Amino acid sequence: MDSQNSQSVPQSIDQILPQSNSYVNSPSPGKISMKIKYKQLIIVGFSVLTVGLLSIFLYFSEKTVAYLLVGLIVALVLVVVETILLLLNSKVGVQTRDGISQLPKSFDEATEKLKASYFEDLEKKVSEKTKALTQRIEELNSEQHINKEAEEKALIEEAKEEATLTSIGEGVVVTDPQGKILVFNQAAELMTNWTASEAVGRFWFETVPAMDEKGYLIPRIDRDMYKALTIGKKVFSESIYLKRGSGKITAANTAAPIILKGQVIGAVQVFRDISHEKEIDRMKTEFISLASHQLRTPLSAIKWFCEMLINGDAGELNPEQKEYAQNVSDSNERMISLVNSLLNISRIESGRIIIDPKPTNINKLISEVINEIKVKSDAKKQQISVSVDSDLPLVNIDPQLIREVYVNLLTNSSRYTPDGGEISVVIYKKDDELISQVSDNGYGIPKKDYDKIFQKFYRGDNIIKIESDGNGLGLYLVKAIIESSGGKIWFESTEEKGTSFYFSLPLSGMQAKKGEVTLSS
Amino acid sequence: MSKQKPTVMVVEDESLMLQAISKKLELNGISAISCSSGKQAVDYLNNISELPDAIWLDYQLKDMDGLEFMRQLKKNEKCAQIPVIVVSNSASEDKVHSMLALGAKQYLLKAGYRLDELIPIMKQFISENNTQA
């Protein structure tokens with residue numbers, strides 16, 4: 001339609017007015033005189049020819065008078081014709097011609113005036129019409145231009161959207177408030193075996209069913225899109241999507257409601273195939289499990305044989321033999337501890353540690369830990385004092401994890417404090433947090449190590465020479481546990497004076513986290 | 001009928017461990033029956049006249065895992081009553097739960113216990129079993 005219109009819009013004035021040679025296309029004066037002279041020539045020639053023929057005829061005929069008369073009449077007719085012809089030409093012809101064309105000037109003038117005024121009028125009309133038409137053309141052009149621009153823009157936007165959706169690696173599904181599919185991108189097609197044309201119009205929940213890891217179908221009300229639509233909040237989850245036909249993928253999903261003016265007008269589900277990641281994770285788990293077993297087996301053998309050796313189960317040892325055996329045993333214990341720490345760390349890092357909060361009696365927990373530590377601190381003749389808020393309620397924490405925190409901090413305190421030193425533990429409630437403080441008057445942490453002590457395997461320069469025991473993993477583990485429990489850890493220290501470690505735990509309790517393992521298993 | 005000497009069947013595929021455990025048990029007045037595979041242990045149990053007072057089981061055996069062993073044990077009514085103490089180096093939450101659910105009395109991590117800590121535990125279960133019998 002558009003193209004037709006553009007063609008019919010006149011491009012020039014020439015197309016508006018019909019082509020007429022006479023008044024508009026006035027030829028140049030030179031050409032006119034040429035034309036007139038040419039005409040003159042023809043007429044004169046014709047006259048001469050006629051008279052000549054007549055003369056000949058007259059000569060050869062008897063009826064002279066009759067033929068003479070005829071001749072004269074013919075000549076007269078010729079003259080009249082010539083005059084009329086000349087009159088019909090422009091007045092320029094009047095100027096260049098002499099003889100017969102000397103018609104009354106007034107006649108010429110009148111003709112001229114008529115011609116001029118007619119021409120002027122016409123010219124005016126033409127220019128007005130031209131202006132109007134030009135304007136209209138411009139308007140139409142610009143309108144058309146705007147329309148075209150707008151349409152082009154819309155097409156570009158649509159193309160961009162299409163290209164974006166197609167190139168996104170994640171599946172993107174947009175639904176109406178009931179969960180009916182409106183948009184289904186290419187990635188979604190590939191991941192679910194549904195084509196967009198098939199999927200659009202169907203309901204998401206039935207089209208792509210979801211299962212949990214145990215293999216149970218997730219009911220509609222538990223699907224993230226359902227939750228997003230009803231609660232109006234973003235929902236994250238991992239589930240197994242069943243493809244059309246057979247096959248399934250493990251997907252990480254985000255379902256978010258689309259809210260316009262406070263109303264939920266739809267939802268968008270974005271999901272990513274994590275089957276590969278899950279497989280790698282499973283392989284890592286298996287490897288860690290295997291590694292832990294394989295590493296611990298020889299360590300246990302060494303442990304028990306050393307024990308029997310030292311015990312005299314294979315015969316009494318002399319003091320030196322006993323000492324050597326004990327050395328072997330001590331080194332072995334460090335290895336066992338290192339393997340345990342490494343395994344715990346790799347589990348924490350892969351997010352697999354279970355956080356299993358239970359209402360816990362902190363007092364009882366810390367007493368048990370102190371009893372364990374006392375073996376070492378008593379050997380160094382160190383004093384441990386404990387002060388726990390008397391009105392502490394049962395706190396929802398994972399006792400195994402938090403116990404690990406206390407054990408590590410207290411072991412450090414004892415280890416990095418000289419003989420006869422003092423260690424104190426203070427636990428109290430502050431606002432909605434549980435604060436624990438473990439202090440000692442030991443070697444302290446040098447300022448330059450402040451930002452390094454929580455790093456894996458880092459051991460302060462000042463204590464490395466004094467105390468060979470310690471693998472540099474304790475604080476890393478402690479920080480990881482505290483932070484995944486929703487708490488914070490910090491410290492104050494002065495070299496040669498002592499150190500105090502503080503950590504907070506939310507009294508509202510730790511977030512239960514379903515993982516797969518506990519510590520040191 | 002009270003036994004003169006308590007008997008413990010040790011099921012462990014690592015020969016060094018088997019040696020250490022058996023030796024320790026013997027030193028503590030407990031008779032040890034050594035089995036280096038699950039099959040060997042099950043066969044023994046099915047054919048022996050006098051059943052052991054307790055079973056010291058390693059979870060990771062060459063021919064079967066602890067779960068399979070427990071299942072096989074349960075097939076024999078007499079054997080199903082014997083207390084099983086799992087002493088292993090691999091101990092994930094799942095494994096522990098499953099074994100305890102199948103009737104194991106305890107699940108201990110090898111590398112975390114000295115032998116002389118484990119002996120009293122064995123003795124405790126033996127005496128419990130005897131009083132029940």
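Visitor: How many helices and strands does chain B have?
Guide: This is a predicted model, in which local features need pLDDT of at least 70, side-chain atom pairs count only at pLDDT 80 or more, and totals for chains, interfaces and linings use all residues. Residues are numbered from 1 along each chain as its sequence is written, while chains are lettered from A and ligands numbered from 1 in the order in which they are written. Helices (H or I, at least four residues) and strands (E, at least two) are DSSP runs, numbered from the N terminus. On that basis, chain B has five helices and five strands.

Visitor: Which residues is B:L57 in contact with, leaving aside its neighbours within four places in sequence?
Guide: Two residues are in contact if their C-beta atoms, placed from the backbone, lie within 7 Å. B:L57 is among the residues with the most contacts inside the largest nonpolar core. Its partners are B:V11, B:G66, B:F69, B:V84, B:I85 and B:V86.

Visitor: Which helix gives the most to the side of chain B that touches chain A?
Guide: The contact takes 18 residues from chain B and 20 residues from chain A. Helices α1 (15-27) and α5 (115-132) of chain B each supply at least two residues of the chain B side. With six residues, the helix that gives the most is α1(B).

Visitor: What is the mean pLDDT of chain A?
Guide: pLDDT is the predictor's confidence in each residue, from 0 to 100. In chain A, 84% of the residues reach 70 or more, but over residues 1-27 the pLDDT is below 50, as also over residues 90-97. Where pLDDT is low, the predicted coordinates should not be read in detail. The mean for chain A is 82.

Visitor: Which strands stand at the edges of the open sheet of five strands in chain A?
Guide: The sheet has the order β8-β10-β11-β13-β12, with mixed pairing; two strands pair if DSSP finds at least two bridges between them. Each edge strand has a single partner, so one of its sides is left without a neighbour in the sheet. The edge strands are β8 (383-388) and β12 (488-494) of chain A.

Visitor: How many bridges join β10 to β11 of chain A?
Guide: Strand β10 (residues 422-430) and strand β11 (residues 433-440) of chain A run antiparallel. A:K429 stands opposite A:L434 in β11(A). The number of bridges joining the two strands is eight.

Definitions and conventions. Core = buried A, V, L, I, M, F, W, Y, C linked by C-beta atoms within 7 Å. Buried ≥ 20, exposed ≤ 12 C-beta atoms within 10 Å, placed from the backbone.
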